[in-house]
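Subject: Structure handover

Hello,

Here is the structure we talked about. Please open it alongside this message, and the notes below will follow.

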Amino acid sequence: MERRPWRLRFADLEETLRVEQASKAIRTIEKSACRFSPTFLTNRHARKRPACGLVLFWRCMPENIVSDVEFMRSALAEAREAAERGEVPIGAVLALDNRVIAGAGNRTISDCDPTAHAEIVALRAASKILGNYRLLGTTLYVTIEPCAMCCGAMIQARISRLVYGADDAKAGAVRSCFSVLDHRQLNHRVAMTSGVLAEDSAAILKEFFSVRR
């Protein structure tokens, strides 16, 4: 597969990769083609590169269906705990290197915070645990298609991949109402997989709202 660099100028881009990580990512691209997410490399880490701008490479983010199901079950457990607190039952977990870094359910009512969606709470917790507001190489598992706010947070956090269960016809910003994550003008793209345990994810929501009607 041909390696093609894109030159970008982002003065505020602080996150970098080590040379060894970048080289490994490039070798991965040359071996196989699969889902991609962007990896950034600053010029001070790249040999024989021009002094201006940045160089962007695409690196592979392979899917693992078995792991996806396991992590989604963890997200469903977070959703059930949220339902017990009287919150809309949506759960999220963030994984890195096949282990859960952080998990959360909706906390908008508990925290009296309109931004405390499961995805946001999980991203905040993971950033504190990892000591970095950039979450490169991570995968976010969410029971329901994220909204526009949460999609924006994923882009800011530079997560590599999103896996979600059921579509949200009223507020989904991945593909149902909007297509935020793959907008062509963004400087970061998030690989996406949908429909993992979608029936289970939708069933929790239906049960929750049926009791309250």
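Start with the outward side of helix α5: the face turned away from its buried side carries the exposed residues E199, K206, E207 and V211. Keep in mind that this is a predicted model.

Helix α5 spans residues 198–211, 14 residues in total. From first C-alpha to last, α5 reaches 21 Å, close to the 20 Å expected at 1.5 Å a residue.

Which residues of α5 are buried? They are S201, I204, L205 and F208. These residues cover an arc of only 90° around the axis, so they sit on the same side of α5. Their packing partners are α2 (65–84), β6 (139–144) and β7 (161–166).

**The second largest pocket**

The second largest pocket has a volume of about 310 Å³. Twelve residues line this pocket. Nearest its centre lie D168, A169, K170, L205 and F209. L205 also belongs to the buried set of α5.

Which element gives the most to the lining of the second largest pocket? That is α5, with three residues. By class, the lining has seven nonpolar and five charged residues, and no polar ones.

**T143, in strand β6**

T143 is found in strand β6, one of the elements that the buried residues of α5 pack against. T143 has a relative accessible area of 1%, so it is buried; the cut-off is under 20%.

Its contacts beyond four places in sequence are as follows:

- M72, A75, L76 and A79 are among the residues T143 touches.
- P89, I90 and G91 are also among them.
- G165, A166 and S201 are on the list too. S201 is one of the buried residues of α5.

T143 and G105 are 38 residues apart in sequence. In space, their C-alpha atoms are 9.8 Å apart.

Where is P146 found? It is in the loop between β6 and α4 (148–157). Is P146 buried or exposed? It counts as buried because its relative accessibility is 0%.

Leaving aside neighbours within four places in sequence, P146 is in contact with E119, C151, M154, L162, Y164, A171, G172, A173 and V174. P146 and A92 are 54 residues apart along the chain. Their C-alpha atoms are separated by 10.0 Å.

Then turn to T143 in β6 and P146 in the loop between β6 and α4.

Best wishes

Notes
Residues numbered from 1 in each chain as written. Predicted model: local features only at pLDDT ≥ 70, side-chain atom pairs only at ≥ 80, totals over all residues. Heavy atoms only, no water. Helix = DSSP H or I, 4+ residues; strand = E, 2+ residues; numbered from the N terminus. Expected span 1.5 Å × (residues − 1). Buried < 20%, exposed > 50% of the residue type's maximum accessible area, 1.4 Å probe, protein only. Arc of directions from axis to C-beta. Contact = heavy atoms within 4.5 Å. 1 Å grid on protein atoms, 1.4 Å probe; cavity = no way out; pocket = protein on both sides within 12 Å on 5 of 7 lines; lining within 4 Å. Points joined across faces, edges and corners; volume = space filled by probe spheres on them. Nonpolar A, V, L, I, M, F, W, Y, C, P; charged D, E, K, R; others polar.
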